[in-house]
Amino acid sequence: MVTFIVALIILVVGFFTYGRLVEKIFGIEPERKTPALTKTDGVDFVPMAPWRIFLVQFLNIAGLGPIFGAIMGIFYGPAAFLWIVFGTIFAGGVHDYLSGMLSIRKGGASLPDIIGDELGQGTKVFMRVLSLVLLILLTTTFLSGPATLLQGLAALGDMQLHDHTIPIIWVLIIFGYYALATVLPVDKLIGRFYPIFGGILLFMGLGIMVVMLGWHSAEMPEVFDGLHNRQTNGLPLFPMMFVSIACGAISGFHGTQSPIMARCCTNERQGRWIFYGAMVAEGILALIWAAAAGTFFADPEKGLYGIDGLQAFAAQHPGENIAALVIDKVSRSWLGTVGGILAIIGVIAAPITSGDTALRSARLIVADFLKWDQRPIPRRLMIAVPLFLCVFGMVFVDFNVVWRYFAWTNQTLAVFTLWAGTVWLYKKGQSAPSGQSKDTKYRYGYLVAMVPALFMTMVCSSYILIAPEGLNIAPEYRWIGYAIAGVVTLGCLCGFGMWAKKVKSER
């Protein structure tokens with residue numbers, strides 16, 4: 001209980017302290033007109049109320065990541081709590097804030113254009129491809145996951161494919177909704193109904209927390225129990241845990257979503273509350289579900305405490321979607337039948353609403369590349385229909401395989417976003433007026449993005465070498481993978497240093 005309470009307090013304090021520092025380093029200009037006011041088109045550029053934008057942003061980025069990812073991450077032990085807290089404050093919050101605010105500054109630009117402007121034209125092309133792959137993978141996972149949960153609620157018929165149960169009826173229903181939300185103006189479905197689902201998700205997360213603290217606090221995992229790897233599948237804590245807990249700490253997907261809401265903000269003052277604030281809210285949600293999963297299955301009579309009980313439960317359900325089973329059991333048991341159903345609905349709504357905004361973001365990325373006006377509906381459909389076909393085809397691939405590839409692609413995208421933010425902040429510091437340039441927060445402000453960029457570079461480089469879906473280096477040779485990843489990370493640092501020296505000499 002102590003670990004959870006302290007972690008919760010640090011997250012809240014981090015928003016008001018570190019979040020404010022990042023805002024000062026960025027240098028907001030409240031008098032500057034935002035793209036929502038200068039490019040209003042009634043489709044994607046639509047001014048909205050700040051509280052509504054916050055709830056939509058929170059729901060967009062929440063998805064399965066902070067819930068499924070946090071549940072899978074706690075298998076590695078209480079170290080998951082530390083990553084959720086410090087990852088949210090120093091990496092995820094910075095990433096989401098910069099991607100949203102840079103989009104505002106660049107006229108509502110999509111993420112590939114933001115990154116390309118800072119890292120070069122070749123990177124822009126690569127990021128367009130990587131972003132589209134990520135969004136298709138994400139929509140696929142955010143389609144099959146909630147469909148499985150809905151099947152559990154309604155017990156509808158299903159279809160057996162590749163030895164995995166695919167609730168095809170729910171897949172089709174959700175897919176039909178995706179089509180509407182992707183094509184319709186942002187204020188028709190997303191702006192009108194998503195704040196409601198966002199509120200439900202927050203409320204039910206708090207309900208789980210109240211029950212857990214009030215009646216089950218004794219079984220909660222503590223960092224005092226040790227930060228060693230508790231995973232039983234032989235995979236190392238680093239980098240596996242840092243990729244498993246994606247959206248609950250840092251997620252490249254968020255960078256694709258921030259521009260959607262950046263096109264609705266009416267003042268740069270709203271940025272910290274909407275972008276950094278939504279990330280902190282997501283971190284809190286991830287913290288709650290990680291603690292709940294690590295607490296619920298404790299059985300002292302059998303000698304199972306916290307995470308050991310979770311491991312035993314997972315061993316009883318090989319090949320199944322453990323995160324979905326955990327959500328169902330925790331919600332129904334702790335909140336009762338009605339409360340449990342509402343909680344599951346909140347959990348279902350999050351990935352569904354993230355899936356459709358992922359497709360919407362993919363449509364915008366393609367439209368920006370083709371320079372197609374999105375006001376005519378046929379233009380929207382010409383881009384959206386091929387995306388729909390890609391996603392529908394991916395639904396029949398094993399969920400666990402798609403999730404793992406999504407997770408790595410997701411974190412790799414975050415690396416590029418952080419490096420783009422680093423470059424932008426460095427150039428801003430170099431071009432600051434003489435008075436500001438002597439201020440430490442302007443001269444070295446780029447470090448708020450560069451430090452997490454270096455860390456995530458190490459994470460993603462080592463993951464692709466060590467993970468089963470990567471090169472799968474044998475355990476006795478994993479040190480070679482870490483060494484190669486270290487060289488890649490050092491190379492990025494040296495490359496930035498040489499570029500920065502050149503920029504400074506040209507001033």
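**A helix pair and its surroundings**

Guide: H1 and H12 run roughly antiparallel to each other, because the angle between them, about 165°, is over the 145 degrees that this label requires. The model is a predicted one. Helix H1 covers residues 2-26, and its axis lies 10 Å from that of H12. The crossing of the two helices is right-handed.

The contact involves a list of residues on each side. From H1 come Phe4, Ala7, Leu8, Leu11, Val12, Gly14, Phe15, Phe16, Tyr18, Gly19, Arg20 and Glu23. They meet Arg272, Trp273, Tyr276, Gly277, Val280, Gly283, Ile284, Leu287, Ile288 and Ala291 in H12.

Leaving aside neighbours within four places in sequence, Met241 is in contact with Gly73, Tyr76, Ala79, Ala80 and Trp83. Met241 is also one of the buried residues of H10, listed with Leu237, Pro239, Met240, Phe242, Val243 and Ser244. Helix H10 spans residues 237-244, and seven of its eight residues are buried, so H10 is largely enclosed by the rest of the structure.

Thr412 lies in a further helix, H16, which spans residues 399-430. Its relative accessibility is 11%, so Thr412 counts as buried. When residues up to four places away in sequence are not counted, Thr412 touches Leu130 and Cys460.

That leaves the cysteines. A search of the whole structure finds zero disulfides. For Cys265, the nearest cysteine sulfur belongs to Cys264 and is 7.2 Å away; a disulfide would need the two sulfur atoms within 2.5 Å. Cys265 is buried, with a relative accessible area of 0%, whereas Cys390 is partly exposed, with a relative accessible area of 41%.

Terms used: Residues are numbered from 1 along each chain as its sequence is written. This is a predicted model: local features need pLDDT of at least 70, side-chain atom pairs count only at pLDDT 80 or more; totals for chains, interfaces and linings use all residues. Side-chain values use heavy atoms; hydrogens and water are left out. Helices (H or I, at least four residues) and strands (E, at least two) are DSSP runs, numbered from the N terminus. Buried means under 20% relative accessible area, exposed over 50%, partly exposed in between (1.4 Å probe, protein chains only). Contact means heavy atoms within 4.5 Å. Axes are lines fitted to C-alpha atoms, for helices over the stretch in contact, and angles run from 0 to 180 degrees between N-to-C directions. Angles under 35 degrees count as roughly parallel, over 145 as roughly antiparallel, 65 to 115 as roughly perpendicular and the rest as oblique. A crossing is left-handed if the near helix is turned anticlockwise from the far one by less than a right angle, and right-handed if clockwise.
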